[in-house]
Amino acid sequence: MPRAPEIVKFRAEHLDAAAELLAARQRRLRKLRPELPAAFTKASACRPVIAGLLEKDGAHGVIALRASQPVGFLLGYPRPEPIWGRAC
């Protein structure tokens with residue numbers, strides 16, 4: 001049975017790894033849905049998007065590490081919405 005990943009606070013030092021994970025996911029998704037944007041199959045296109053999320057007021061997140069290698073991440077920021085109230 002594989003060990004559970006270590007969950008740590010997402011920091012700027014995780015941006016490159018998160019961009020690689022997101023680009024890999026987009027490549028897998030494009031095999032199923034080729035109409036999805038090809039640009040995000042490259043980590044260099046994903047990194048500024050993730051960095052932008054991290055710079056939002058109140059942004060926070062986590063990254064999952066297995067054997068010190070990133071296996072997933074979650075980022076969010078609070079955003080008040082007139083209909084839904086406080087949303088992330």
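A: Helices (H or I, at least four residues) and strands (E, at least two) are DSSP runs, numbered from the N terminus. This is a predicted model, where local features need pLDDT of at least 70 and side-chain atom pairs count only at pLDDT 80 or more, while totals for chains, interfaces and linings use all residues. Residues are numbered from 1 along each chain as its sequence is written, and side-chain values use heavy atoms, with hydrogens and water left out.

Q: How many helices and strands does the protein chain have?

A: The protein chain has 2 helices and 5 strands. Along the sequence, their pattern reads β-α-α-β-β-β-β.

Q: And what does the C-alpha trace span along its principal axes?

A: About 40 × 35 × 25 Å for the protein chain.

Q: What share of the residues is buried?

A: Of the 88 residues in the protein chain, 23% are buried. Buried means under 20% relative accessible area, exposed means over 50%, and partly exposed is in between (1.4 Å probe, protein chains only).

Q: New topic: how many salt bridges turn up in the whole structure?

A: A search finds 3. A salt bridge here is a side-chain nitrogen of Lys or Arg within 4 Å of a carboxyl oxygen of Asp or Glu.

Q: Why would side chains pair like that?

A: Side chains of opposite charge can pair when their charged atoms come close.

Q: OK, which residue does Arg47 pair with?

A: Arg47 forms a salt bridge with Asp16, and their closest N and O atoms are 2.6 Å apart. This pair links distant parts of the chain, with Arg47 in helix H2 (residues 43-55) and Asp16 in helix H1 (residues 15-32), 31 residues apart. Arg47 itself is partly exposed, at 33% relative accessible area.

Q: What about Glu13, which side chain does that one meet?

A: Glu13 meets the side chain of Arg11 in a salt bridge, at 3.1 Å from N to O. Glu13 is exposed, with a relative accessible area of 60%, whereas Arg11 counts as partly exposed at 38%.

Q: And Glu35, buried or exposed?

A: Exposed, as Glu35 has a relative accessible area of 54%. Glu35 forms a salt bridge with Arg33, with the closest N and O atoms 2.7 Å apart. Arg33 is partly exposed, at 49%.

Q: Last one: what share of the contacts with a separation of 6 or more joins residues 24 or more positions apart?

A: That share is 46% in the protein chain, where a contact means heavy atoms within 4.5 Å.
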